[in-house]
Amino acid sequence: MIRFDHVSLTYADALKSRAPVLRDVNLSIPEGELCLVIGRTGSGKTTLLRAINGLVPHFSGGTLSGRVVVNGRDTKDHRPRDLADVVGFVGQDPLSGFVTDTVEDELAYGMESLGLPPDVMRRRVEETLDLLGLAELRNRPLTDLSAGQQQRVAIGSVLTTHPRVLVLDEPTSALDPLAAEEVLATMQRLVHDLGLTVVLAEHRLERVVQYADRVVLVPGDGRPVRDGPPTSIMQDSPIAPPVVELGRVVGWRPLPLSVRDARRRADPVRAQLAGLEAPARPSAHGAAGNEAEALSPVALTEQLVAGYNNVPVLKGISTSLRPGEVVALMGRNGSGKSTLLKTLVGMKRPTSGQIRVDGRAPATLRPSQLLRHVGLVPQVPADLLYAHTVALECEQADRDAAVSAGTTLGIFERLSPDVPAGQHPRDLSEGQRLTLALAIILAARPALVLLDEPTRGLDYTAKHRLVEILHDLAREGRCVVLATHDVELVAEVASRVLVIADGELVADGPTADIVVSSPAFAPQVAKILSPQRWLTPTDVATALAEVTEVTQL
Amino acid sequence: MKATHLIPLRGRSSLALGTVSVIGLAAFGWPFLTDPGSALDSSHAGDAPLLFVAILPLLAAIVLAELTSGEMDAKSVAMLGMLSAVGGALRALGPGTAGLEPSFAIIVVGGRVFGRGFGFVLGALTIFSGALITGGVGPWLPFQMMAAGWLGFFAGCLPRATGRMEILWLAGYASISALLFGLVMNLWFWPFASYGPETSFVPGDPFAANLFRYGVFYLTTSLIWDLGRAVISLLVIGLAGSALLRALRRASRRAAFDAPVVFER
């Protein structure tokens, strides 16, 4: 269906240095396969995907050598519009791809462009509405939809032209985890029910790798692209979901790709680990347990009620947050996580009850004082970024925080090395934007750092970097609170978990106590090894290494 | 900074643009050019000049078709469509609201960033789409399209400059050309109407006399509106010019307009 024949691609701005993005790619994807493309941000994944429908090089410019043939059509002779009936392309941000205003119009637009007769269009719009579960939304304006629904409409709008190949470039990167799951479930149905050939670039491997028929690894820096069945590529892929990492640690072959595969083979490992104690998370100043109690809290809430006029979102939250803690705030959308963050950062006044951050009521502080006590990295970090270069953005932050010039840029360079300071903030990757927003917040050295859904759009490398950064912040004695759905991040970084449901605090305790037994919040490793209290592959690896040492002695 | 030429001017399209511009110049300037006794003389003053009104739309259509044939790819069409839609929508502020005309700034900045061919088409299309939005379609429309086309064309011909100097050039150019636009635009109807002996066109009169009367007409009627337009263009470019330039140049860089597409085997 799709064939890459000795394909190399060099963009026009790299012609002088002759540094190709892709070098000698040979790839053949048969009909009906779900092909997963993995690689770091900036490795050339997007280039590979865009070469399938000719956007590269017809739209982007550049030099393509070799041949890309899709359904018998060579992209040299067929421009993207000549492939529109064969390849459907869905990008990261659904809103930026929409042309019309309502769901039905958007579904019909592609067919209108191809000049299909009206009765065919009517029929296909109906079919697609049902296929993607959009029937109730048919007359709704696109901007009123949730992000997950928008992305489903974007997929629907390319499906109406009946393509044989669906190419999705990180369709879930701009979505929160629940919306992402909705989109991935839809996609999997398309592969199985319609037999579409799907090429998908995705960071959330733990959700899709078990369904993939083939994995293409794009390592970047011009190193060769590899492809093969998931189990063999995952064997030494630098990017892997926790279940695969655990499989590698334990030495399972073939590698398990799903929790089910792993759980069925986990009995011996559980026996081996039985007598061992899972490492406790340091909860304050690197020290576990009692010392934390002694430290005075950074933030304190007592019977906190907050929300909108007459509709309380938070219904009496009492908790205290101590220095050196990384606290994960979990719960479904609309449960009050964001409201709690907003109240902590003073954007919302409490209706009743007490809230103290660093000993003061945040809503009464002026912004210039507030930023020394608490800072919030919003869900869309670009909301904080207004200047047109990174350097100007950092200078502004220096002035706002009244710190010496260069402080913010220094923090940013420590968090995200190798980003040119003259770059436009909107040209940064999602992870770099997050660290820039974080650097701006940290310039004023607040005691309490809040992050709202920080892993949205981050690849594995950026996520690892974030985990390190958050650990460092906790070691410096700050308190970090993150509202997130990302259970793997919580397992890696959090020392304590608060679960909020319907505005009330339903659980509060050390991470392992809360997540191990929970079907919703357990990370993959915990699901495989429960009832034992292991959270990450690294913990298991360390423990196993000790066991072998002991037996060798 | 160097302009990205989205609509390059080559042999045929330059020829079309040149010829039509000369005819357009005649359409605007005939009152001053006619000698007593020529075909456009008093005996025909009622009908022959109307010929210009009739053929100019056709000529405008031809030059737009010639400029945009073949060379434009989807990205350039998108950029042209977006900018002329924004400019056209801003034209809605024009009539009635003291002649506020922020769309001139868009045409000037667009011509500057994407070259003179693009500037010409952008100017003409901005006026056209604005006319459709505001209901301003009439015999004056092709004259306005030509004049705005020239506005965008010459914006693409301004000398190279960066930073403050560039803004200064653009703002100066925009405000002066806003005045000239009014000066030129009055000409399409001036010969046909009567405003009293001191300010009206007298067929067959010497060039200087007609020019003087037109000068009086301009100073006493349209200047105040054109000044408003000049000031607003100056303000828009002075305040938002560098942001606009930056946004368009970033878009131009991201869209890789001038990156060649090469296939090797």
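Helices (H or I, at least four residues) and strands (E, at least two) are DSSP runs, numbered from the N terminus.

This is a predicted model, in which local features need pLDDT of at least 70 and side-chain atom pairs count only at pLDDT 80 or more, while totals for chains, interfaces and linings use all residues. Residues are numbered from 1 along each chain as its sequence is written, and chains are lettered from A and ligands numbered from 1 in the order in which they are written.

A residue is buried if 20 or more other C-beta atoms lie within 10 Å of its own, exposed if 12 or fewer, and partly exposed in between, with C-beta atoms placed from the backbone. In α3(B), the buried residues are S76(B), M79(B), L80(B), L83(B), S84(B), G87(B), G88(B) and L90(B). Viewed down the axis of α3(B), these residues fall within an arc of 155 degrees, so they line one face of the helix; the arc is that of the directions from the helix axis to the C-beta atoms. An α-helix has 3.6 residues a turn, so residues three or four places apart point the same way. On the face of α3(B) turned away from the buried side are the exposed residues A74(B), V77(B), G81(B) and M82(B).

Chain A meets chain B through a contact that takes 13 residues from chain A and eleven residues from chain B. On the side of chain A that touches chain B, the elements giving two or more residues are α2 and β4 (62-70) of chain A. The largest share, four residues, comes from β4(A). The strand β4(A) also pairs in the parallel sense with strand β1 (residues 261-264) of chain B, over four bridges; two strands pair if DSSP finds at least two bridges between them. In β1(B), V261(B) is the bridge partner of G62(A).

The peptide bond from V56(A) to P57(A) is cis, with omega near 5 degrees, and P57(A) lies in helix α2 (residues 55-58) of chain A. D24(A), in strand β2 (residues 22-29) of chain A, has a positive phi of about 50 degrees although it is not a glycine. D24(A) counts as partly exposed because it has 15 C-beta neighbours inside 10 Å.

Note on methods:
Two residues are in contact if their C-beta atoms, placed from the backbone, lie within 7 Å.
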